[in-house]
Amino acid sequence: MAGRQSRGGGKARNSAAAEMTGDRAAAPSRSDRTRLRAAWMYYIEQMTQSDIADVLGVGRVTVVRMLAEARLRNEVKIAIEGELVEIVALERRLEKRFGLERAIVAPASSPEADVTPAIGAATGRYLSEAVESGLRVGVGWGRTLLNCLPFLTGRQLEDLQVISLLGGIIHARRFNPAEFAWQFAQAFRGNAYLIPAPALVDSAETRQALIERCGLKDIFEMASALDMVVLSVGGLAAATTTTHQVGFLTEEQLDSLKAAGAVGDILFHFIDRQGRIVDHPLNDLVMSVGLDKLRHGKRRILTSGGADKTEALFGALAVIEPHVLITDEFSARRLLEAKD
């Protein structure tokens with residue numbers, strides 16, 4: 001028996017058709033027939049459990065048990081069809097306004113909710129299908145990307161190269177650029193290439209020396225020809241930004257960046273609302289791949305959201321020009337309002 005339900009319907013009773021399944025070789029027992037009748041009346045005729053109990057002459061608890069057993073025996077197959085119309089409308093509007101190939105909008109419970117898990121889940125599902133053998137994938141870091149890992153459908157891929165686009169492996173911590181790149185590569189049995197250096201160094205000379213003399217040049221050159229780029233954008237709110245929470249930046253540095261016009265960062269490249277890198281000393285100390293190289297990635301995915309990231313997302317859209325944007329519904333609305 002198969003039924004259909006609209007996504008917001010709660011229980012699967014909005015069915016127009018069903019088919020009987022089960023073992024045709026043996027004659028069904030009386031309990032089998034009663035169970036299938038109960039399932040038919042509930043899913044197809046849309047009768048209440050109490051009404052079914054009256055018709056069959058059993059208790060309501062028995063009906064509940066029979067319906068559960070029918071599901072367990074695979075006698076009832078429910079296909080959830082239909083879309084959340086408002087979400088789809090937001091996706092289409094984002095695609096049109098920002099020139100995207102695809103927008104993926106994750107539902108959120110409220111504007112104040114932490115949307116990172118929802119966006120992470122949507123990102124994991126998308127990447128599970130998008131990542132293929134033979135690709136060279138450059139990845140960023142942050143809470144959103146880390147939250148996508150449990151939702152990746154891992155599988156064996158051939159000749160997959162995953163390049164971390166930012167240094168930071170000298171500290172063993174959960175929110176670490178290298179940690180995400182490594183786990184992402186492991187999910188698809190790929191090879192991970194890391195930048196063995198801090199995210200921020202003490203001088204421009206140190207940065208140049210690490211690249212030219214310490215074997216990092218090859219990794220930076222690999223990042224110049226990427227088949228896919230997966231990035232998140234960070235905000236500058238001290239209470240929520242990962243760069244501050246994990247100790248990469250002090251609150252004084254965040255204030256200094258805001259004063260320079262920064263609204264967020266991509267791989268520690270601090271940008272304004274138009275996507276321009278702001279004039280600030282930190283720009284010369286970052287051990288990460290330049291945004292100019294990332295713009296040449298063949299498929300660019302930007303995933304982020306939250307009330308404190310609207311301006312940062314706006315700037316990231318301008319500078320990265322992603323093919324795919326993954327965000328939450330409230331961030332989507334704020335972006336559209338800002339664009340208007």
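In what order do the seven strands of the open sheet stand, and is the pairing parallel or antiparallel?

Modeller: The order is E3-E11-E10-E7-E4-E5-E6, and the pairing is parallel. This is a predicted model, where local features need pLDDT of at least 70, side-chain atom pairs count only at pLDDT 80 or more, and totals for chains, interfaces and linings use all residues. Residues are numbered from 1 along each chain as its sequence is written, and side-chain values use heavy atoms, without hydrogens and water.

Two strands pair if DSSP finds at least two bridges between them. Helices (H or I, at least four residues) and strands (E, at least two) are DSSP runs, numbered from the N terminus. The sheet is open, so look at its edges: E3 (102-106) and E6 (191-193) stand there, each with a single partner strand, and one side of each is left without a neighbour in the sheet. From one strand to the next, the twist averages 15 degrees. Gln161 stands opposite Asn191 of E6.

Now the helices on the sheet. Axes are lines fitted to C-alpha atoms, for helices over the stretch in contact (heavy atoms within 4.5 Å). Angles run from 0 to 180 degrees between N-to-C directions. Helix H14 (residues 329-339) lies across E3 and E11, and it runs at about 115 degrees to E11.

Stay with H5. Of its 15 residues, 11 are buried, so H5 is largely enclosed by the rest of the structure. Buried means under 20% relative accessible area, exposed over 50%, partly exposed in between (1.4 Å probe, protein chains only). Among the buried residues of H5 are Ile119, Gly120, Ala121, Ala122, Tyr126 and Leu127.

Just after H13, Glu321 takes a positive phi of about 50 degrees.

Helix H1 (residues 30-44) and helix H3 (residues 60-72) pack at about 95 degrees, their axes 9 Å apart. H1 and H3 are therefore roughly perpendicular to each other; the cut-offs are under 35 degrees for roughly parallel, over 145 for roughly antiparallel, 65 to 115 for roughly perpendicular, and oblique for the rest. On the H1 side, Thr34, Arg35, Ala38, Ala39, Tyr42 and Tyr43 take part. They meet Met66, Leu67, Glu69, Ala70 and Arg71 of H3.

Gln49 belongs to helix H2 (residues 49-56). Gln49 is buried, at a relative accessible area of 16%. Leaving out residues up to four places away in sequence, Gln49 touches Tyr42, Arg60, Val63, Val64 and Leu67. Gln49 and Ala39 are 10 residues apart in sequence and 9.9 Å apart in space, C-alpha to C-alpha.

Last, the whole chain. There are 14 helices and 11 strands. Buried residues make up 50% of its 340 residues. Of the contacts between residues at least 6 apart in sequence, 70% join residues at least 24 apart.
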